[in-house]
Amino acid sequence: MAPRPILEYPDPRLRERSLPVARFGADLAHLIEDLIATLHATPGIGLSAPQIGTLQRVLVTDHSGDKTAPEVYVNPLILERSAIGIIEESCLSVPGITGNVFRATRLRVQAQDATGTAFERDLDGMPAVCLQHEIDHLDGKLFIDRLMPWRRLMIRLAAARRAPSPSA
Ligand code: NI
């Protein structure tokens, strides 16, 4: 159980669609431990498996504020959403950028735990917003995709300037 490096935009692995988890064994338990350790090494409230380079539909959140209440969602699926709001988001994979995104602020989610047991949960407020952000990662989407077009363009240009050029 150790923190792993977090992939950063524009890493192409962040654009892949993650695969459903079919085997609930030691490998999954290990992945979940790494995800929680990695999340708890940051000030973030949610982290998805593709962000540490494992393309499986697993995410963790912790809304306790003191890293004491990690929640695990395997193969999450949103059943209902309501109460759309505008929320300011950021992302551990897009450092230094914040932006306002339309999201449901209430939802019902179905998922499995580390052993494969299915559960349903109602989320309200930031936990609901965070879950949608993390599920986006499982689908290869980033919150910056949901910003206004001119902001997306500025972010793409800034990333292109940071990328090492072939002649340098
Ligand atoms: Ni993120």
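Tutor: A donor here is an N, O or S atom within 2.8 Å of the metal, and water is not among the atoms, so a site may look incomplete. The model is a predicted one. With that cut-off, the protein donors of the nickel ion are the SG atom of Cys 91 and the NE2 atoms of His 133 and His 137, lying 2.1 to 2.2 Å from the ion. Along the sequence, the donor residues follow the spacing C-x41-H-x3-H. Cys 91 sits in the loop between β3 and β4 (99-112), while His 137 belongs to helix α2 (residues 126-138); the pair is 46 residues apart and links distant parts of the chain. Both Cys 91 and His 137 are buried, and for Cys 91 the relative accessibility is 9%.

The structure holds zero of them. A disulfide needs two cysteine sulfur atoms within 2.5 Å. For Cys 130, the closest cysteine sulfur is the one in Cys 91, and at 10 Å it is too far for a bond. Cys 130 is buried too, with a relative accessibility of 4%.

Next come the pockets. The largest pocket has a volume of about 310 Å³. Its lining counts 20 residues, and those nearest the pocket centre are Gly 44, Ile 45, Ser 90, Cys 91 and His 133. Two of these, Cys 91 and His 133, are donors of the nickel ion. The elements that give two or more residues to this lining are β3 and α2, and α2 gives the most, six residues. By class, the lining of the largest pocket has 10 nonpolar, seven polar and three charged residues.

The second largest pocket has a volume of about 170 Å³. Among the residues that line it are Arg 57, Arg 81, Gln 132, Asp 136 and Arg 146. Here again β3 and α2 are the elements that give two or more residues, but the largest share, four residues, comes from β3. This lining divides into four nonpolar, one polar and seven charged residues.

Strand β3 also takes part in an aromatic pair. The count of such pairs comes to one. The ring centres of Tyr 73 and Phe 119 are 5.8 Å apart and the planes stand at 50°, so the pair is tilted. Tyr 73 lies in β3 (residues 70-89) and Phe 119 in β5 (residues 118-124), so the pair ties together parts 46 residues apart in sequence. Tyr 73 is buried at 1% relative accessible area, and Phe 119 also counts as buried, at 17%.

Notes. Residues numbered from 1 in each chain as written. Predicted model: local features only at pLDDT ≥ 70, side-chain atom pairs only at ≥ 80, totals over all residues. Heavy atoms only, no water. Phe/Tyr/Trp six-rings, centres within 6.5 Å; stacked < 30°, edge-to-face > 60°. Buried < 20%, exposed > 50% of the residue type's maximum accessible area, 1.4 Å probe, protein only. Donors = N, O, S within 2.8 Å, 3.2 Å for Na, K, Ca; no water. 1 Å grid on protein atoms, 1.4 Å probe; cavity = no way out; pocket = protein on both sides within 12 Å on 5 of 7 lines; lining within 4 Å. Points joined across faces, edges and corners; volume = space filled by probe spheres on them. Nonpolar A, V, L, I, M, F, W, Y, C, P; charged D, E, K, R; others polar.
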